[in-house]
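Hello! I am passing a structure on to you, and my notes on it follow below. Please have a look at the model before you read them.

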Amino acid sequence: MGTLVDVVLYGDKEVLPEAAGLAFESILRVEAAAHPSKEGSSLFRIRQGKGVRVEGDLARILDVALEVSRATSGAFDPTLGEVVNLWGFGRDDPHLPGPEKIVRALEGARYDRVLTGQCCPEGLDIWFDLGGVAKGYAVDEAVRSLQDSGVKAGIVNAGGDLRSFGVRPRRGYWKIGVQDPENPQKLAGVLEIKEAAVATSGDYQRYFEEGGIRYHHILDPSTGYPAHSGLRGTTVIAPDCATADALATAAFVMGPEKGLAMLEKWEGAEGVLITEDGTILTTSGIGEGGIRFERREKTSD
Ligand code: AMP
Ligand code: MG
């Protein structure tokens, strides 16, 4: 999934190493299911319009993806695969595609053609890209596996998309740094959570430069180009990480006003949005229900 995953676990010393091993296995299992172009895979055959009945991990990922797509009128769109591939994000050679190619690739992006997570009847050729949701789902599956193994508390962190479970000994809560998009080495603030998932989307996470312009990896499905919504970073807190992941990507595309309104409406979700001028917006539930956010003052060093 192009990232490092680490786990912190509390429980009986005898069970932890094996539990961690199983958790990493479940992440690899999800990675294999969600990979967009592994030859012979379900997603590969769907792309060829072969008619595939999907179940298990892939069906559950698609269900979350579609729920968020519909609720955001397609700001989150898991069917952008051809456009994502055209830009080459996730490969070594991302580059600015020609405008006519983008228009053509965008024609294939139609989340509303997919009716259920069981997807896809014969003749429905869809190029899925689940990069905006699969990492979160993998974190959820790792947590599930750890709990099944009897681990009492812990946190699974896939490059900043994470989920905590159980009661952390001594402190009782986890502190999660939120990066400053302007200077990702620094923190814009610190979240305190108990049992929750946190996912972040930002224009500083993956990008390339061409002709002096920076192009990042979160695309606006209405244009096929990187979203310029007025936001630079979105952090979403939700009970599960798949939903948090998809909502963070969606809110980034929607921008400060619509993104914040969408998160306010979403039962169980909260958000911290950082705008282009560095303003930090938070949903009204932060400060309640065990979630706190503390801003870090900007310093000149
Ligand atoms: P994230 O880092 O979770 O915001 O997801 C970004 C990744 O999701 C990109 O690298 C693409 O693979 C994919 N993606 C880009 N734009 C969108 C979008 N508007 N909706 C859904 N997935 C997207
Ligand atoms: Mg995401």
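Along the chain, the donors of the magnesium ion (ligand 2) are spaced as G-x112-D-x3-T. Donors here are N, O and S atoms within 2.8 Å of the metal (3.2 Å for Na, K and Ca), and sites may look incomplete because water is not among the atoms. On the protein side they are Gly 132 (O), Asp 245 (O), Asp 245 (OD) and Thr 249 (OG1), at 1.9 to 2.5 Å from the ion. Asp 245 and Thr 249 sit about one helical turn apart, because they are four residues apart in helix 7; helices (H or I, at least four residues) are DSSP runs numbered from the N terminus.

A word on conventions: this is a predicted model, where local features need pLDDT of at least 70, side-chain atom pairs count only at pLDDT 80 or more, and totals for chains, interfaces and linings use all residues. Residues are numbered from 1 along each chain as its sequence is written, chains are lettered from A and ligands numbered from 1 in the order in which they are written, and side-chain values use heavy atoms, leaving out hydrogens and water.

Now to ligand 1. Helix 7 (residues 241–254) gives the most to its shell, with three residues. Among the polar contacts (pairs of N or O atoms within 3.5 Å), a side-chain N or O atom of Asp 129 is 2.6 Å from an oxygen atom of ligand 1. A polar side-chain atom of Ser 201 is also 2.6 Å from an oxygen atom of the ligand, while a polar backbone atom of Asp 77 lies 2.9 Å from a nitrogen atom of ligand 1.

Terms used: Polar contact = N/O pair within 3.5 Å; in protein donor to acceptor, adjacent residues only side chain to side chain. Helix = DSSP H or I, 4+ residues; strand = E, 2+ residues; numbered from the N terminus.
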